[in-house]
Amino acid sequence: MLKKIGLVFALLVSTSVQAGSPNVFEMSVQKPVAGVYSTLYKALEDDGFFVVFEANIGKNLARFEEKWGENYNRNKLDAMRSMVFCNGWYANAVSNADPSMLALCPLRVSLIEKAGKTSVLFARPTVIAGDSPAKAVLQRIEDDVIAVIRKAMQAQ
C-alpha cells in the first residue's frame, strides 16, 4: 500500500497541468523531450491516432540563429517538436456532422522543452467548433487525446 501511495505522490510531483490559456491543454513533466516523445507517439498510435507527420521545429529554426540574432529563441527553449496525427473514424464522424470542421484534421500536439522540463501542448478543437453540429464529436476527440497525453506523461 505504501508503494502505491509513493507512486501516486511521485506522479503528482513529476507531472503538472498548467493553467495557461483555456484554449490549449498543457501538461508538463520534468524530463527532456527525448524521454517523452516516443512514449507519447506510441500512446497516440495505440489509441488509434496515427502520426502522419513529425516536425522538429527547433532544428528547423536553428538554421536562422545567425540571421535573426537577438530575436532567435528568446525564451531559450531547448527543443520544439510536433506530431501531426489523425483517426479515420473520428475524421469521418466530423465530416458527417459538419464538413467545415475538417479544417481541424489532422490534429497536432507540440512538445517544448526548457531546462529539462517538457510540456505537451494541444489546441482544444472545441474552442474552434463554437456551435458547430460537430461539437459533440469534437468534444469526444478532445477528451480522448487529452486522456492519451495524460497517460503518456504519467508513464514518465
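The structure is a predicted model, in which local features need pLDDT of at least 70 and side-chain atom pairs count only at pLDDT 80 or more, whereas totals for chains, interfaces and linings use all residues. Residues are numbered from 1 along each chain as its sequence is written, and side-chain values use heavy atoms, with hydrogens and water left out.

Helices (H or I, at least four residues) and strands (E, at least two) are taken as DSSP runs and numbered from the N terminus. Strand S4, which spans residues 79-86, is largely enclosed by the rest of the structure, because 6 of its 8 residues are buried; here buried means under 20% relative accessible area, exposed means over 50%, and partly exposed lies in between, with a 1.4 Å probe and protein chains only. Two strands are said to pair if DSSP finds at least two bridges between them. Strand S3 (residues 50-55) pairs with S4 in the antiparallel sense over 5 bridges, and within this pairing Phe50 has Cys86 of S4 as its bridge partner. S4 also pairs with strand S5 (residues 107-114), again in the antiparallel sense, over 7 bridges, with Ala79 standing opposite Glu113 in S5.

The loop between helix H4 (65-68) and S4 contains Tyr72, a residue that counts as buried because its relative accessibility is 16%. When neighbours within four places in sequence are left aside, Tyr72 is in contact (heavy atoms within 4.5 Å) with Gly58, Leu61, Ala62, Phe64 and Glu65. Of these residues, Ala62 is 10 residues from Tyr72 in sequence, and the two C-alpha atoms are 8.2 Å apart in space.

A salt bridge is defined as a side-chain nitrogen of Lys or Arg within 4 Å of a carboxyl oxygen of Asp or Glu, and a search of the whole structure finds 2 of them. One joins Lys42 to Asp46, with the closest N and O atoms 2.8 Å apart. Lys42 and Asp46 are both exposed, and they are separated by about one helical turn because they stand 4 residues apart in helix H2 (residues 33-46). The other salt bridge is formed by the side chains of Arg124 and Glu142, at 3.0 Å from N to O. Arg124 lies in the loop between strand S6 (117-123) and helix H6 (125-129), while Glu142 belongs to helix H7 (residues 135-154), so the pair ties together parts that are 18 residues apart in sequence. Arg124 counts as partly exposed, at 23% relative accessibility, whereas Glu142 counts as buried, at 4%.
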